[in-house]
Amino acid sequence: MNLEDRLKARQGDITKLAVDAIVNPANTSLLGGGGVDGAIHRAAGPELLAECRTIGGCPTGEARLTKGYRLPVRYVIHTVGPIFRGRPEDSRLLAGCYTNSLTLAMDHGIRTIAFPAISCGVYGYPIADACKIAVDTCETFMETYDAPEKVIFMLFSAPDLDIYTRYLASRWG
Ligand code: ADP
């Protein structure tokens, strides 16, 4: 399958997606929060929080893996996006979220993975900039390692989906 068919943008609730792993845009405590993080914990059940407590947090830009519990996925990959402040390191940290999540996925034989728009909610990252980083970083990883089989960008709103769809289309011409 070519890269065009392996990187897809869709609209909806990431907690409903039956893939091998979904990515949770967590905070450094990994103890839950609002937005997608809260929705993932609610859908997964209290066992997810119990496992997260054993991890002891996660630095910004890194990723940690847990089981999926009551979610229709085998794993949840928790990653901590940067709070957008317009610093040069913002983009490096955001790219790190994608690369480190994909590395964990590869190490665990995950073939299909879904990302929300990390940092684009309360963390304030402009969606168009974040979209380029997400797509470019995943594309480079997949070209380098030929894994995972499929990446889904799961966008909550129609305008966000539109930004991703247009950027993906511009990549393949
Ligand atoms: P962050 O703290 O990293 O900014 P948020 O959870 O606040 O994370 O938001 C990240 C993005 O996920 C936002 O664009 C938000 O609209 C979107 N979002 C919120 N709930 C869901 C959901 N259930 N599924 C997919 N995306 C969601």
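Figure 1. A nitrogen atom of the ligand lies 3.0 Å from a polar backbone atom of isoleucine 14; a polar contact here is a pair of N or O atoms within 3.5 Å. The model is a predicted one, in which local features need pLDDT of at least 70 and side-chain atom pairs count only at pLDDT 80 or more, while totals for chains, interfaces and linings use all residues. Residues are numbered from 1 along each chain as its sequence is written, and side-chain values use heavy atoms, with hydrogens and water left out. In the side chain of aspartate 13, an N or O atom is 2.9 Å from a nitrogen atom of the ligand. Taken alone, the ligand exposes 560 Å², and the protein buries 88% of that (Shrake-Rupley areas with a 1.4 Å probe).

**Figure 2. Here is the shell around the ligand.** There are 16 residues around the ligand, and Asp13, Ile14, Val36, Ser119 and Gly121 come nearest (a residue is near if one of its heavy atoms lies within 4 Å). By class, the shell has 10 nonpolar, four polar and two charged residues; Asp, Glu, Lys and Arg count as charged, and Gly is among the polar ones.

**Figure 3. Next come the strands around β5.** Strand β2 (residues 21–26) pairs with strand β5 (residues 112–115) in the parallel sense over two bridges; pairing requires at least two DSSP bridges. Alanine 21 stands opposite isoleucine 113 in β5. Strand β6 (residues 150–155) also runs parallel to β5, joined by four bridges, and isoleucine 152 in β6 is the bridge partner of alanine 114. Helices (H or I, at least four residues) and strands (E, at least two) are DSSP runs, numbered from the N terminus.

**Figure 4. Two loops deserve a look at their backbones.** Alanine 147 and proline 148 are joined by a cis peptide bond, with omega about -5 degrees. Proline 148 is found in the loop between α5 (127–145) and β6. Leucine 30, in the loop between β2 and α2 (35–44), has a positive phi of about 60 degrees although it is not a glycine.

How values were computed. Polar contact = N/O pair within 3.5 Å; in protein donor to acceptor, adjacent residues only side chain to side chain.
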